[in-house]
Amino acid sequence: MITLRSIAATAALIAACIAPNVADAQCRSFAKNKCIPQLEPYTFNETFNAAQLSPGEEAEVSMTFYSGQDYRLLVCTHPSLGEVNWKLVDAGNRTIFESLADEPKHTFDLKVESTTQLKVLVYVPDRKSANDLVPVGCVTILMGYKKS
């Protein structure tokens, strides 16, 4: 006999399995429609780095940059989150570029002398909202390159 409790548990399990896929699909759609066009005139490298974040959360992505290539990094956030802090650091955690929410810069153009791996660190600042709802939104880190 199927009980109401087992139906509710099954529904919760299905929702838990589907929710990350729906969030990922929404992030991909946001990146495709709102962020990738901002890479112009650079060509998107087809690597999708995104996560659903809320205030106080952070993310880190390692990226490889090849020598002699011109790159554009783009950190694109959903408007519900506002501006984020992000920086580009080398293997020794030395800051190469930093953008603060108070003075946001969404892109950074660079060219490296030798192939290297760098990290992009993103932090969503805490902020008070007009209501008790905690905003959650997509943060996308994209790389573009110039064809030579």
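Colleague: How many helices and strands does the protein chain have?

Modeller: The protein chain has one helix and nine strands. Helices (H or I, at least four residues) and strands (E, at least two) are DSSP runs, numbered from the N terminus. This is a predicted model, where local features need pLDDT of at least 70 and side-chain atom pairs count only at pLDDT 80 or more, while totals for chains, interfaces and linings use all residues. Residues are numbered from 1 along each chain as its sequence is written, and side-chain values use heavy atoms, with hydrogens and water left out.

Colleague: Thanks! In what order do the elements run from the N terminus?

Modeller: The order is α-β-β-β-β-β-β-β-β-β.

Colleague: And how much of the protein chain counts as buried?

Modeller: Of its 148 residues, 33% count as buried. Buried means under 20% relative accessible area, exposed over 50%, and partly exposed in between, with a 1.4 Å probe and protein chains only. As for contacts (heavy atoms within 4.5 Å), 78% of those with a separation of 6 or more are between residues 24 or more positions apart.

Colleague: Let's talk sheets. What is the strand order in the open sheet of four strands?

Modeller: The order is β3-β8-β5-β6, with antiparallel pairing. Two strands pair if DSSP finds at least two bridges between them.

Colleague: Which strands stand at the edges?

Modeller: Those are β3 (58-65) and β6 (95-99); each has a single partner strand, so one side of each is left without a neighbour in the sheet. The twist averages 15 degrees from one strand to the next, using axes that are lines fitted to C-alpha atoms (for helices over the stretch in contact) and angles that run from 0 to 180 degrees between N-to-C directions.

Colleague: How many bridges join β3 to β8?

Modeller: Eight bridges join them, and β8 covers residues 116-123. One of the residue pairs is S62 with K119 in β8.

Colleague: What about β5, is it mostly covered or uncovered?

Modeller: Mostly covered: β5 spans residues 85-89, and four of its five residues are buried. Five bridges join β5 to β8, where N85 has Y123 as its bridge partner.

Colleague: What lies between β5 and β6?

Modeller: They form a hairpin with five residues between them, and N93 in the turn has a positive phi of about 60 degrees. N93 counts as partly exposed, at 48% relative accessibility.

Colleague: Where else is there a positive phi in a residue other than glycine?

Modeller: E46 has one, near 75 degrees. E46 is in the loop between β1 and β2 (49-53), and is exposed, with a relative accessible area of 64%.

Colleague: Which residues does a cis peptide bond join?

Modeller: E40 and P41, with omega about 5 degrees. P41 sits in the loop between α1 (4-35) and β1 (43-44). Most residues other than glycine have a negative phi, and most peptide bonds are trans.

Colleague: Last topic: how much space lies in the largest cavity?

Modeller: About 40 Å³. On a 1 Å grid over the protein atoms alone, a cavity is a set of points where a 1.4 Å probe fits but cannot get out, and lining residues have an atom within 4 Å of a point.

Colleague: Which residues line the largest cavity?

Modeller: V75, T77, E83, V84, W86, S99, P104 and H106.

Definitions and conventions
On a 1 Å grid over the protein atoms alone, a cavity is a set of points where a 1.4 Å probe fits but cannot get out, and a pocket is an open set with protein on both sides within 12 Å along at least five of seven lines; lining residues have an atom within 4 Å of a point. Grid points are joined across faces, edges and corners, and a volume is the space filled by probe spheres set on the points.
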